[in-house]
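Here is a short note for a colleague who is opening this structure for the first time. Please read the points with the structure in view.

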Amino acid sequence: RPLSPAFRIIVVKWDTLTADLLGRLAQEACPEAEVIVCRTGADTLDTLRRRPAGLGLFGLTLPDIDGLDLLALVAAEPLVQRRLIVTGRRDEHSRRRLRVARVQGVFDTSSEDSAALLTAIGKVAAGEHYFSASLGSASPIAPPREPVKVQTLTFIEQQVFAIMIESATDAEIGKRLRMEAPAVEAHRANILRKLNVQTVEQLPAFIRRGSRWK
């Protein structure tokens with residue numbers, strides 16, 4: 001059913017410019033709603049546990065948690081009545097997870113414009129569903145170029161991994177991804193554990209090892 005006119009919208013997006021744009025579109029689509037912007041998973045959970053929201057617009061790339069993992073927590077409690085994912089992710093791992101996510105809509109920013117996003121927000125707020133046509137496309141998805149095992153990493157871990165193999169320091173990784181040092185250390189530890197590699201220095205050998213390529 002439609003949300004009441006004066007409800008709360010939470011926008012969850014790491015990038016400030018995109019978060020501001022989403023906030024403006026949400027306000028335009030639902031003029032009487034209160035719009036709150038959060039840029040991390042921790043801030044999102046803290047805000048919602050103090051006061052749940054009627055509608056959530058969720059990006060998937062956050063500095064402290066994978067957006068899909070955050071959505072699972074939000075849906076389980078539950079903290080947001082209706083949930084719309086706004087993302088440009090096109091990798092197969094994310095596509096598979098998006099198909100089973102507990103949401104009322106998924107908007108593909110790589111295939112649709114802001115006018116379509118305004119429509120999507122309005123539809124989900126009105127109690128309808130909105131899934132970008134590109135998500136159901138029969139066209140094949142380009143195979144990933146990383147080893148299959150790397151696809152078990154979360155999206156943010158894959159970003160960290162791509163820089164780690166350049167022999168970058170934690171400080172360089174943090175600067176390039178706008179991430180605090182403890183977050184970089186945690187992601188690095190998770191990557192090494194998931195890939196069953198003991199040290200960063202072993203990563204080049206891991207990549208050269210045989211051939212587990214799709």
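Predicted model: local features only at pLDDT ≥ 70, side-chain atom pairs only at ≥ 80, totals over all residues.

1. Start with the largest pocket. Helix H1 gives the most to its lining, with four residues.

2. How many residues line the largest pocket? There are 22, and Lys13, Thr18, Val86, Gly88 and Thr109 lie nearest the centre. The volume of the largest pocket is about 320 Å³.

3. Now the overall make-up. The protein chain has nine helices and six strands. It holds 214 residues, of which 44% count as buried. Take the contacts between residues at least 6 apart in sequence: 65% of these join residues at least 24 apart.

4. In what order do the six strands of the open sheet lie? Reading across, the order is E2-E1-E3-E4-E5-E6, and the pairing is parallel. Strand E2 (34–38) and strand E6 (130–131) are the edge strands, and each of them pairs on one side only.

5. Follow the pairing from E1. Strand E1 spans residues 8–12 and runs parallel to strand E3, residues 53–58, with four bridges between them. Val12 stands opposite Phe58 of E3. On from there, E3 and E4 also run parallel, and five bridges join them. Leu55 has Arg82 in E4 as its bridge partner.

6. The next pair is E4 and E5. Four bridges join these two strands, which run parallel. Here Leu84 stands opposite Gly105 in E5.

7. Why is E3 described as largely enclosed by the rest of the structure? Six of the six residues of E3 are buried, so the description follows from the burial count. Residues count as buried when their relative accessible area is under 20%.

8. E5 deserves a look from both sides. In a regular strand, side chains alternate between the two faces of the sheet. Both faces of E5 are covered. Gly105 and Phe107 are buried on one side, and Val106 and Asp108 are buried on the other.

9. Helix H2, residues 41–50, lies across E1, E2, E3 and strand E4 (80–87). Relative to E1, H2 runs at about 170°.

10. Which residues of helix H4 are buried? H4 spans residues 92–100, and its buried residues are His93, Ser94, Arg95 and Leu98. Their cover includes helix H3 (67–76), E4 and strand E5 (105–108).

11. The peptide bond from Glu77 to Pro78 is cis, with omega near -20°. Pro78 is found in the loop between H3 and E4.

12. To tie the points together, look again at E4. E4 is joined to E3 by five bridges and to E5 by four. H2 lies across E4, among other strands. E4 is also part of what covers the buried residues of H4.

How values were computed
Residues numbered from 1 in each chain as written. Heavy atoms only, no water. Pairing = 2+ DSSP bridges. Contact = heavy atoms within 4.5 Å. Axes fitted to C-alpha atoms, helices over the stretch in contact; angles between N-to-C directions. 1 Å grid on protein atoms, 1.4 Å probe; cavity = no way out; pocket = protein on both sides within 12 Å on 5 of 7 lines; lining within 4 Å. Points joined across faces, edges and corners; volume = space filled by probe spheres on them. Buried < 20%, exposed > 50% of the residue type's maximum accessible area, 1.4 Å probe, protein only.
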